[in-house]
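Hi everyone, thanks for making time this morning. Have a look at the model on the screen, and I'll talk you through it.

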Amino acid sequence: MSESGKPGTAPNLAPALKGGGLVALIAIAIAFPQVYSNPAVTNYGVLALIYVTAATAWNIFSGNTGYISLGQAVFYGSGAYTMGIAARDWHITGDSVFALLPFCGLVGAAIAVPFGLIALRVRRHTFIVITIAFFFIFQLMAFNFSFTGGTTGLQSPFLNWPSATYNTPFYYIALAFAAGAIVIAWLVRRSRFGLQLRAIRDDEDRARGLGVKAMRVKLSAFLISGTITAMIGAVWFYYINQVEPSTGFDPIFDLTLVLMAFLGGYGSISGPVLGALLIEPLTLWLNTQPQFSGYLSEILLGAIFLVVVLFLPRGIIPTGGELITKVRTRGRPAVIPATSLGPPAAGTAAASGPSSVSSGGGR
């Protein structure tokens, strides 16, 4: 009970605490490359934020609709190749290459329309198979078309930035994309559009019966997801300086996004963010350890995914929220029933007397 004696006052601190925590996280994210200026450390931050953006974009569609996409690398690799081809053929160099990012997003959106019109005509399980088929089609095109560089891929334009701070601009670009993707995911979730997406996830046939234009709604979410993923794929390409068919269109990329979403909390806004911040740095660290060379790191990630599905199916954040609620309420209901608050006041009883009599007389 609060000092004022009103039992409902203390929980009002929750929004303030959440707001303060959010401000603290933003401050930490902004200050990270200034505090840890070592390029080996900031590399972790850049790639983690790239995956935060990609996982959030994946969740905007798959988390809200229940359609698990294993073809997100189609947009990721297409964005990377679009930037490389455009910079090469249009002779764009240096910082000017970043002006191509909106164009890469438009290419991702253009791919999402026919991709979605075909894949979204089927239901969830068949949709997974079709996304895998699209992925291999794009990977084979990257291997065999001459304008993609074939098996050698493409090199990015040279950036004449100091090596000591080379990662810092990319960190802030990736941070801006991550923040923008999270804001879009939040706006989608709170909108009527997001409500329609979740209605499709719960029961698509019933949603159609209630007037939801399912195909249009799913395609719109798929387009948003593809646009964001293509743009962050272009940032990734410029950061690592090259793209090849096996890296731009990597099946491990799709599986990693799914693992991130399920680990943090599938369908929530913060779940994919937490999953990306845990999985990507762990993956990078494993790749630097000789004992995990080869495919051992992928095997370990597969084992983590199996453990998550079996023992933590709802993810860390939803499960943790339930545990915190149980601890705070000590197993009692979070909302105390009105009948347990004691007898009603005299005025209330008097006011309700006639109505209860009349209702009793009508039996």
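Let's start with His91, which counts as exposed because its relative accessibility is 68%. For that term, buried means under 20% relative accessible area, exposed means over 50%, and partly exposed is in between, with a 1.4 Å probe and protein chains only. His91 sits in the loop between α3 (73-89) and α4 (101-119). Helices here are DSSP runs of H or I with at least four residues, strands are runs of E with at least two, and both are numbered from the N terminus. His91 is not a glycine, yet its phi is positive, about 55°. Most residues other than glycine have a negative phi.

A word on the ground rules. This is a predicted model, where local features need pLDDT of at least 70 and side-chain atom pairs count only at pLDDT 80 or more, while totals for chains, interfaces and linings use all residues. Residues are numbered from 1 along each chain as its sequence is written, and side-chain values use heavy atoms, with hydrogens and water left out.

Back to phi. Asn241, also not a glycine, has a positive phi of about 75°. Asn241 belongs to the loop between α9 (214-240) and β2 (242-243), and with a relative accessible area of 32% it is partly exposed. Then there is Arg330, which follows α14 and has a positive phi near 55°. Helix α14 itself, residues 316-329, has 14 residues and reaches 20 Å from its first C-alpha to its last, close to the 20 Å expected at 1.5 Å a residue. The expected span, by the way, is 1.5 Å times one less than the number of residues.

Now the overall picture. The chain has 15 helices and two strands. Of its 363 residues, 42% count as buried. Taking contacts with a separation of 6 or more, 78% are between residues 24 or more positions apart, a contact being heavy atoms within 4.5 Å. The accessible surface is about 19300 Å², and carbon and sulfur atoms own 68% of that; the areas come from the Shrake-Rupley method with a 1.4 Å probe, and for residues only the protein chains shown count as cover.

How far apart are the end C-alpha atoms of helix α6? They are 35 Å apart, which agrees with the 34 Å that its 24 residues, 167-190, should span at 1.5 Å a residue. The buried residues in α6 include Phe170, Tyr171, Phe177 and Val188.

Phe170 brings us to the aromatics. The structure holds 31 aromatic pairs. Rings of Phe, Tyr and Trp (its six-membered ring) pair if their centres lie within 6.5 Å; planes under 30 degrees apart count as stacked, over 60 as edge-to-face, and the rest as tilted. Phe170 makes a tilted pair with Tyr166, at 5.6 Å centre to centre and 40° between the planes, and both of those residues are buried. Phe262 and Tyr266, by contrast, are stacked, because their ring centres are 4.8 Å apart and their planes at 10°. Tyr266 is partly exposed, at 24% relative accessibility. There is also one aromatic cluster formed by Phe61, Tyr67, Phe75, Phe115, Phe127, Phe134 and Phe222.

On to charges. What does a search of the whole structure find in the way of salt bridges, and how many? It finds six, where a salt bridge is a side-chain nitrogen of Lys or Arg within 4 Å of a carboxyl oxygen of Asp or Glu. In one of them, Arg123 pairs with Asp205, with the closest N and O atoms 2.8 Å apart. Arg123 lies in the loop between α4 and α5 (124-144) and Asp205 in helix α8 (residues 204-209), so this pair ties together parts 82 residues apart in sequence. Arg123 is partly exposed, at 38% relative accessible area.

Glu204 and Lys218 form another salt bridge, with closest N and O atoms 2.9 Å apart. Glu204 is in helix α8 and Lys218 in helix α9, 14 residues apart, and the pair links distant parts of the chain. Both Glu204 and Lys218 are buried. Shared partners join Arg123, Glu204, Asp205, Arg208 and Lys218 into one salt-bridge network.

That's my tour, so over to you for questions.
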